Amino acid sequence: MSLKEYENLAKGEKLSLDTVLANLKTDEHGLVAAIAQQHDTGEVLMLAYMNEKSIRETLETGQVCYWSRSRQTYWRKGESSGHRQTLVSMSFDCDGDAILIKVNQQGPACHTNRRDCFFFTVDGNDVVISSAPSENN
C-alpha cells in the first residue's frame with residue numbers, strides 16, 4: 001500500500017482521509033514522523049511522531065496530539081506547559097512517510113523552553129548552541 005499510485009492525480013482531485021491514512025508508511029509501531037512548522041513564518045519548530053488515532057484527534061479537535069515514544073502515551077502539545085499548538089493545516093508528503101503540520105505555536109515549542117528544538121547548529125567542525133531558553137513561560 002502506498003500513496004505512489006495517487007501521485008499523478010490532477011490538482012483539485014480528492015482522496016478520502018481513510019484512503020490516505022490506510023496508505024501511510026508507518027514504522028513497526030504504526031508511527032509516522034510529523035514536522036511542526038509555524039504557519040505564518042515558516043519556522044520549523046519540532047519533529048514528533050503520530051499514529052492514526054493522534055492524526056484523527058488532531059483533525060477533530062484542532063489541538064495537535066502526538067504519540068510520545070518515551071512515555072508510550074498520547075501527548076497533547078502544551079497540556080502541561082500551556083505552550084499549545086493549534087492546527088492550521090496538515091499535509092502528507094508524496095511517499096506517505098512524513099506529515100507537515102502547520103501550527104500556531106503559543107510560547108516555546110521545545111521542552112528546553114526554546115522557541116524550537118533545532119538549536120544545535122553546525123559551524124564548520126563545531127556545533128554552536130544557537131538560541132537560549134525563553135525567560136517568558
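Trainee: Okay, before I get lost, how many helices and strands does the protein chain have?
Mentor: The protein chain has 2 helices and 8 strands. Keep in mind that this is a predicted model.

Trainee: And what pattern do they follow along the sequence?
Mentor: Reading along the sequence, you get α-β-β-α-β-β-β-β-β-β.

Trainee: What size of box do the C-alpha atoms fill?
Mentor: Roughly 45 × 35 × 30 Å, taken along the principal axes.

Trainee: How much of the chain is buried?
Mentor: Of the 137 residues in the protein chain, 34% are buried.

Trainee: Let's talk charges. How many salt bridges does a search of the whole structure find?
Mentor: That search turns up 6 salt bridges. The general idea is that side chains of opposite charge can pair when their charged atoms come close.

Trainee: Which residues are linked in a network of salt bridges?
Mentor: K4, E7 and D95 are linked that way. The side chain of K4 meets that of E7 at 3.7 Å, N to O. K4 also has a salt bridge with D95, and there the N to O distance is 3.5 Å.

Trainee: Where do K4 and D95 sit in the chain?
Mentor: K4 is in the segment before α1 (17-22), while D95 is in the loop between β5 and β6 (98-105). They are 91 residues apart, so the pair links distant parts of the chain.

Trainee: Are those three buried or partly exposed? Start with K4.
Mentor: K4 counts as partly exposed because its relative accessible area is 42%. E7 is partly exposed too, at 43% relative accessibility. For D95 the value is 22%, so that residue is also partly exposed.

Trainee: Got it. Which residue forms a salt bridge with E52?
Mentor: That would be R56, with the closest N and O atoms 3.0 Å apart. Both residues lie in helix α2 (residues 52-61). They are 4 residues apart, about one turn of the helix. R56 is partly exposed at 25% relative accessibility, and E52 is partly exposed at 43%.

Trainee: Switching to rings. How many aromatic pairs does the whole-structure search find?
Mentor: It finds 3 aromatic pairs. One of them is Y66 with W75, which is tilted, with 5.1 Å centre to centre and 40° between the planes. Another is W67 with Y74, an edge-to-face pair at 4.8 Å centre to centre with 75° between the planes.

Trainee: Are W67 and Y74 buried or exposed?
Mentor: W67 is buried, and Y74 is buried as well. Y66 is buried too, with a relative accessible area of 0%.

Trainee: Which ring does the charged end of R114 sit over?
Mentor: The ring of F119, and the charged end of R114 is 3.9 Å from the ring's centre.

Trainee: Next, the surface. Which residues make the nonpolar surface patch?
Mentor: The patch is made by I35, V44, L47 and F118, and its area is about 330 Å². V44 is in strand β2 (residues 44-50). Its relative accessible area is 39%, so V44 is partly exposed.

Trainee: How far apart are V88 and Q37?
Mentor: In sequence they are 51 residues apart, and in space the C-alpha to C-alpha distance is 9.9 Å.

Trainee: Last topic, the hairpin. In which sense do β7 and β8 pair?
Mentor: Strand β7 (residues 120-123) and strand β8 (residues 126-129) pair in the antiparallel sense, over 4 bridges.

Trainee: And what is the bridge partner of D123?
Mentor: D126, in β8.

Trainee: How many residues are between the two strands?
Mentor: The hairpin of β7 and β8 has 2 residues between the strands. G124 in this hairpin takes a positive phi near 65°.

Terms used. Residues are numbered from 1 along each chain as its sequence is written. This is a predicted model: local features need pLDDT of at least 70, side-chain atom pairs count only at pLDDT 80 or more; totals for chains, interfaces and linings use all residues. Side-chain values use heavy atoms; hydrogens and water are left out. Two strands pair if DSSP finds at least two bridges between them. Patches are made of residues with over 30% relative accessible area and no salt bridge: like charges are joined within 9 Å, nonpolar side chains (Val, Leu, Ile, Met, Phe, Trp, Tyr) within 5 Å. Accessible areas come from the Shrake-Rupley method with a 1.4 Å probe; for residues, only the protein chains shown count as cover. A salt bridge is a side-chain nitrogen of Lys or Arg within 4 Å of a carboxyl oxygen of Asp or Glu. Buried means under 20% relative accessible area, exposed over 50%, partly exposed in between (1.4 Å probe, protein chains only). Rings of Phe, Tyr and Trp (its six-membered ring) pair if their centres lie within 6.5 Å; planes under 30 degrees apart count as stacked, over 60 as edge-to-face and the rest as tilted. A charge sits over a ring if NZ of Lys or CZ of Arg is within 6 Å of the ring centre and within 35 degrees of the ring normal.
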